[in-house]
Amino acid sequence: MDKLLKLLNENARLSCQQLAVMLNTTEESVREQIAAYEKEGVIRGYNTIINWEKADANHASALIELKVSPKRDRGFDEIANRIMQFEEVESVYLMSGGFDLAVRVNGQSMQEIAMFVAKRLSTLESVLSTATHFILTRYKEGGVILESENEQDERRSVLCD
Amino acid sequence: MIDYRSVMNREILSVPPSGIRKFFDIANEMDNVISLSIGEPDFTTPWHVREEGVRSLEDGKTWYSPNRGFSELRQEIARWFRRKYKVEYHPDSQVLVTVGGSEAIDACLRTMLNPGDEVLIPQPSFVCYVPLTQMAGGVPVILETKAENEFRLTAEELEEKITPKTKMLILPFPNNPTGAVMRRQHLEEIAKVVQKHDLFVLSDEIYGELTYGETSHVSFAAIDGMKERTIVVNGFSKTFAMTGWRLGYALGSKEIIGQMTKLHQYAIMSAPTTAQYAAIEALRNGDSDIENMREQYDMRRCLLVDSLNKMGLTCFRPEGAFYVFPCIKSTGLSSEEFCEKLIYAERVAVVPGNAFGACGEGFVRVSYSYSIRHITEALSRIEHFLKTL
């Protein structure tokens, strides 16, 4: 993978100056490269990884497995396009295996998500069935461990004694 | 009441306790400390390597290994050294598997030294060489490397300290704590002096796979005429992020390795069996792990060197290990004052340079075996600290 993308993927807040130093290039060329990636659509946005459980008690999310009937010519794209329009939907993936689409949904409560699935998702014409799995605890998100006590540095100084 | 000090060995009693103990006690008691002080990889051992260790346990391989280490491992070590550094060792007679590089250093000194033999030790360097030399009956003679030479050892510095009693030279490169690397031409200069004065060399190459830049590490044993008078110490701790497995090795002439093996067999018996199975896998299939880790270290190194220099803590661009060694003299503080103030004011821990020898005074060791996120946070705290001085 491109080193620049790898660095940004881990921490999008690194400055162009810092990135240039790490990649042994100029600030200007980092700026140009990022602009090019944005233009080509390689970089699609910059996110913040938030531990919502800490920031806001009213937060729930679920992974929903969907079985759908693909459309002639358009396959799964049509239904996927339809589902990703909902703002409750955080991500949509086409999967191999026992079901077709995996949909991650966020809401204020499990109740709200359950209603969303019942009223909006399962009523879509090509959706054959849904299985809703509520997320109980998020341990790691986007490569980041959310509860810091899980990532304590256990290394000790061997120079101590 | 027993007066214990009157009965114990005078040499070990005379070894001073580490001066920075107090400093680490402070760091350990504080909350929210951002440390750049640790001298081991932040990576865990690659999974496929750990898996081989686990598999050996599942298979019930819990017995002693042969004293020298498993033959399969010794063959892999010999193969690795040929492949990486172009030096040939016979796996049956010229390789000894030890409990970390540390045991290899100790065994080498105890095997080579007679009472009164002088051992030349470049400093700043890792803390074990002086006490282990003393315990082996040798006399440590310090060679002070200098910032203006990027902490390399020069032939002149070496020649100056040679006496008729000089037996050995220790070559701790790539260097902890300075990050200094001796390239081929530098080693060739040293080799001439070694040859001329009939010295032996303990080349501690534990950081050998962690060098940055165009050319890779050159083993001192690869320099013309040096193999027969060099004992190479290396290991798995830094190369494969395997510190806790405690596995290293020594390479050298059949005669020296033979005597070291005798010592090892009585003092240690054999190196950990589980670790040896894991190490075989590491040597066979670990090249891409090293490459990944080195790439990470390299980016962090560039970031640290650039940032520290911009803050006025000047440091050369170290080419090896995972440390930078900035000069803090511009602050008017001593190394220990600097570190103590920094930890109280900003809760950032770095190691005073004088922990690695008196000539490390005026410097601090900053480790980059930390994530970039961690390093950038520590750097912004250090920057703030410097503004408040």
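Strand β2 (residues 89-94) of chain A pairs with β3(A) in the antiparallel sense over five bridges. Two strands count as paired if DSSP finds at least two bridges between them. Helices (H or I, at least four residues) and strands (E, at least two) are DSSP runs, numbered from the N terminus. The model is predicted: local features need pLDDT of at least 70, side-chain atom pairs count only at pLDDT 80 or more, and totals for chains, interfaces and linings use all residues. Residues are numbered from 1 along each chain as its sequence is written, and chains are lettered from A and ligands numbered from 1 in the order in which they are written.

**Strands of chain A**

L94(A) stands opposite L101(A) of β3(A). Six residues lie between β2(A) and β3(A), which form a hairpin, and G97(A) in the turn has a positive phi of about 105°. Strand β3 (residues 101-107) of chain A also pairs with strand β1 (residues 60-68) of chain A, in the antiparallel sense and over seven bridges. In that pairing, V103(A) of β3(A) is the bridge partner of I64(A).

In chain B, 33 residues from domain 1 and 32 residues from domain 2 take part in the contact between the domains. Residues are in contact if their C-beta atoms, placed from the backbone, lie within 7 Å. On the side of domain 1 of chain B that touches domain 2 of chain B, α2 (10-14), α12 and β9 of chain B each supply at least two residues. The largest share of that side, seven residues, comes from α12(B). By class, the side has 18 nonpolar, seven polar and eight charged residues. Here Ala, Val, Leu, Ile, Met, Phe, Trp, Tyr, Cys and Pro count as nonpolar, Asp, Glu, Lys and Arg as charged, and the others, Gly among them, as polar.

**Contact between the chains**

Between the chains, 18 residues of chain B are in contact with 13 residues of chain A. On the chain B side, α3 (21-29), α12 (287-311) and α14 (372-388) each supply at least two residues. α12(B) gives the most to this side, with four residues. The residues of the side of chain B that touches chain A divide into 10 nonpolar, four polar and four charged.

α12(B) packs against α2(A) at an angle of about 120°, with the axes 7 Å apart. That makes α2(A) oblique to α12(B). Axes are lines fitted to C-alpha atoms, for helices over the stretch in contact, and angles run from 0 to 180 degrees between N-to-C directions. Angles under 35 degrees count as roughly parallel, over 145 as roughly antiparallel, 65 to 115 as roughly perpendicular and the rest as oblique. The crossing of α2(A) with α12(B) is right-handed; a crossing is left-handed if the near helix is turned anticlockwise from the far one by less than a right angle, and right-handed if clockwise. Q18(A), V21(A) and M22(A) of α2(A) meet M299(B), C302(B), L303(B) and D306(B) of α12(B) in this contact. Five of these residues are nonpolar, one is polar and one is charged.

Within chain A, helix α2 (residues 16-23) also packs with helix α1 (residues 3-10): their axes come within 11 Å and cross at roughly 135°. That makes α1(A) oblique to α2(A). The crossing of α1(A) and α2(A) is right-handed. K3(A), L4(A) and L7(A) of α1(A) make the contact with L19(A), M22(A) and L23(A) of α2(A).

**Sheet and backbone details of chain B**

In chain B, an open sheet of three strands has the order β9-β12-β11, with antiparallel pairing. Its edge strands, each pairing on one side only, are β9 (323-324) and β11 (351-352). Y323(B) has S367(B) of β12(B) as its bridge partner.

A cis peptide bond joins Q123(B) and P124(B), with omega of about 0°. P124(B) is found in the loop between β3 (118-123) and α7 (129-135) of chain B. Another cis peptide bond joins F173(B) and P174(B), with omega of about -5°. P174(B) is in the loop between β5 (166-171) and α9 (184-196) of chain B.

Technical notes. Contact = placed C-beta atoms within 7 Å.
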